[in-house]
Amino acid sequence: MEIALKIDVDTHQGLEQGVPRLAEMLERETVAASFYIAMGPDNSGRAILRVFRNRGFVGKMFRTKAVAMYGMRTILSGTLLPSRPIALSFPSTLRELKARGFEVGVHGYDHVRWQDHLDDIGERGVRDELADAFEVYRAILGEPSKSFAAPGWRTNDAASVALDTMHLDYRSDTRGIVPYRCVVNGQVLTTPEIPTTLPTLDEVMGRSDLRDVAAVRDFYLGQCRADALNVHTIHAETEGMSQLGNFTALIRALKDRGALFVQLREIASRLNRAELPVCEIIRTTLPGRAGWISAQGPPLALA
């Protein structure tokens with residue numbers, strides 16, 4: 001059973017507190033992982049406007065106890081309190097992750113702007129977001145990033161095409177089943193897409209049938225497939241903080257089952273791009289997640 005841990009870091013707090021805790025635990029457990037870090041400002045407070053756009057957002061906030069999880073400093077960041085830079089506040093943390101053998105990739109620039117306004121900012125805005133994010137990464141680590149993971153699993157045609165011109169090793173922007181290549185307006189893009197395959201913890205937290213740690217652990221053990229790649233996205237703000245003990249228990253249970261943990265760059269290095277299925281990216285919704293996400297569509301038969 002192969003499992004790729006994709007760790008999204010969305011906030012200043014997540015990078016400051018969650019990432020070091022996760023890195024220490026994963027190193028102690030000898031578990032490989034890939035970290036994707038938002039490179040720009042922490043404007044988490046502006047996400048409150050989702051209450052007017054995304055059905056179910058208020059319910060998710062209560063179900064996941066978001067205020068207690070994130071804290072008021074993060075909840076108000078970019079509104080009543082000034083936004084703080086994320087990656088540039090802790091450049092040594094990114095360098096330490098790389099030095100310790102973890103993969104480090106780009107998780108956008110302004111996470112909230114991308115997730116909430118991707119379709120509003122236009123092609124120029126998309127390219128600016130990408131340029132700013134990849135420049136911060138280069139400034140900190142001294143080399144270009146070879147991967148990208150879209151904030152909130154949201155992408156569009158402009159973003160897909162722009163990323164394809166950057167000659168990345170792969171991208172991880174969608175939810176799906178297996179690695180594939182994307183089709184945009186009839187054009188098959190080159191860059192492989194490695195989708196997240198498992199539900200995230202914030203999507204299942206608070207479910208009536210998952211009331212305790214053992215139930216959540218058993219849920220994920222049942223979700224992981226022995227005959228396929230399992231890509232599990234976690235968040236530094238969740239599994240790296242209040243849920244670290246529970247996540248550690250899951251890691252140990254997976255190891256007991258013989259799970260092999262791999263980084264996404266390792267998966268990408270093994271892919272034969274010519275043999276990957278070709279799929280359109282569709283928009284859909286998922287239980288426990290407010291608003292739309294981008295997902296892998298059915299395979300297309302090429303002429």
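**Charged side chains and their surroundings**

Modeller: Glu 266 has a relative accessible area of 36% and is therefore partly exposed, a class that lies between buried (under 20%) and exposed (over 50%), with a 1.4 Å probe and protein chains only. The model is a predicted one, in which local features need pLDDT of at least 70 and side-chain atom pairs count only at pLDDT 80 or more, whereas totals for chains, interfaces and linings use all residues. Residues are numbered from 1 along each chain as its sequence is written, and side-chain values rest on heavy atoms, with hydrogens and water left out.

The partner of Glu 266 is Arg 270: the two form a salt bridge whose closest N and O atoms are 3.3 Å apart. The term denotes a side-chain nitrogen of Lys or Arg within 4 Å of a carboxyl oxygen of Asp or Glu. Both residues belong to helix α12 (residues 264-270), where a spacing of four residues separates them by about one helical turn. Helices (H or I, at least four residues) and strands (E, at least two) are taken as DSSP runs and numbered from the N terminus. Arg 270, at 48% relative accessibility, is also partly exposed.

This bridge is one of 19 in the structure. Another joins Glu 129 to Arg 113, with 2.8 Å between the closest N and O atoms. Glu 129 is in helix α7 (residues 122-141) and Arg 113 in helix α6 (residues 111-117), so this bridge ties together parts that are 16 residues apart in sequence.

Asp 202 lies in helix α9 (residues 201-204) and is buried, its relative accessibility being 11%. Its side chain has a polar contact of 3.1 Å with that of Arg 289, and another of 2.5 Å with the side chain of Thr 200. A polar contact is a pair of N or O atoms within 3.5 Å; within protein, one must be able to donate a hydrogen and the other to accept it, and residues adjacent in sequence count only if both atoms are side-chain atoms.

For a charge to sit over a ring, NZ of Lys or CZ of Arg must be within 6 Å of the ring centre and within 35 degrees of the ring normal. Arg 283 is likewise positioned over the face of Trp 292, at 3.7 Å from the ring centre.

The structure contains four aromatic pairs. Phe 134 and Phe 148 make a stacked one, with 6.2 Å between centres and 20° between planes. Since Phe 134 is in helix α7 and Phe 148 in strand β6 (residues 147-148), the pair ties together parts 14 residues apart in sequence. Phe 134 and Phe 148 are both buried. The pair of Phe 219 and Tyr 220 is edge-to-face, because the ring centres are 5.2 Å apart and the planes stand at 75°; these two residues are buried. Rings of Phe, Tyr and Trp (its six-membered ring) pair if their centres lie within 6.5 Å, and planes under 30 degrees apart count as stacked, over 60 as edge-to-face and the rest as tilted.

Helix α8 (residues 157-164) has Ala 159, Ser 160, Ala 162, Leu 163 and Asp 164 buried. Its N-terminal end is capped by Asn 156, a side-chain oxygen of which lies 3.3 Å from the backbone nitrogen of Ala 158.

For the chain as a whole, the protein has twelve helices and 13 strands, and 54% of its 303 residues are buried. Among contacts (heavy atoms within 4.5 Å) with a separation of 6 or more, 74% are between residues 24 or more positions apart. The protein exposes about 13,100 Å², of which carbon and sulfur atoms supply 53%; accessible areas follow the Shrake-Rupley method with a 1.4 Å probe, and for residues only the protein chains shown count as cover.
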